[in-house]
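Me: I am new to this structure and would like to go through it slowly, one question at a time. Could we look at it together?

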Amino acid sequence: MNELIFKKASEEDIDELVRTRIIVLRAANKLTDDTDMSEVERESFSYYRSALKDKTHIAYLVYDGDKAVGAGGVSFYRVMPTYHNPSGRKAYIMNMYTAPEYRRRGIACRTLDLLVKAAKEQGVDYITLEATDMGRPLYEKYGFVKMNDEMILP
């Protein structure tokens, strides 16, 4: 195995970011390979094109030679200030992915480090994520805790 390269993604990497996004969504939602994801692909491409340009999203891709074997991203947004988050600035970590044959080698942890560091460099301390059953042990070990008060309107 070559030495792994952790690359901050740019607009030239959008196709690879979209590819890994679709892999993550299929796995997280238990979707088959024949489930139509064309609209999600188009919207993801549009999202990345805009968000990478205006720096409301930072992503990393992990390469073994020319092969992308991992990814992760963090989106930035703002809500009204609160007592616990006076700036109202938030970061949401998403699209964490490691190719199956590369798992358990620290790739996700190193990617998570890069994303948390990017958030903190932008002055954002309120960082959240949604965890799959597979990812939950990593995030708990890293220090993330389960939130009890959040709700969603389905």
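Me: Which residues lie nearest the centre of the largest pocket?

Reply: This is a predicted model, and in it the largest pocket has a volume of about 1100 Å³. Its lining is made up of 34 residues. Those that lie nearest the centre of this pocket are M96, T132, M134, G135 and Y139.

Me: Which element supplies the largest share of the lining of the largest pocket?

Reply: Several elements, α1, β4, α3 (107-121) and α4 (136-142), each supply at least two residues of that lining. The largest share, seven residues, comes from β4.

Me: Which strands stand at the edges of the sheet, each with a single partner strand?

Reply: The sheet is open and has five strands with mixed pairing, in the order β1-β2-β3-β4-β5. A strand with a single partner has one side left without a neighbour in the sheet, and so the edges are held by β1 (4-8) and β5 (126-129).

Me: In which sense do β1 and β2 pair, parallel or antiparallel?

Reply: Strands of a sheet pair through backbone hydrogen bonds, in either of two senses. Between β1 and β2 (residues 57-64) there are five bridges, and I5 stands opposite Y63 in β2. The sense of this pairing is antiparallel.

Me: Which element gives the largest share of the lining of the second largest pocket?

Reply: The second largest pocket holds about 610 Å³ of space and is lined by 19 residues. Two or more of these residues come from each of β4, β5 and α4. The largest share, four residues, is given by β5.

Definitions and conventions. Residues are numbered from 1 along each chain as its sequence is written. This is a predicted model: local features need pLDDT of at least 70, side-chain atom pairs count only at pLDDT 80 or more; totals for chains, interfaces and linings use all residues. Side-chain values use heavy atoms; hydrogens and water are left out. Two strands pair if DSSP finds at least two bridges between them. On a 1 Å grid over the protein atoms alone, a cavity is a set of points where a 1.4 Å probe fits but cannot get out, and a pocket is an open set with protein on both sides within 12 Å along at least five of seven lines; lining residues have an atom within 4 Å of a point. Grid points are joined across faces, edges and corners, and a volume is the space filled by probe spheres set on the points.
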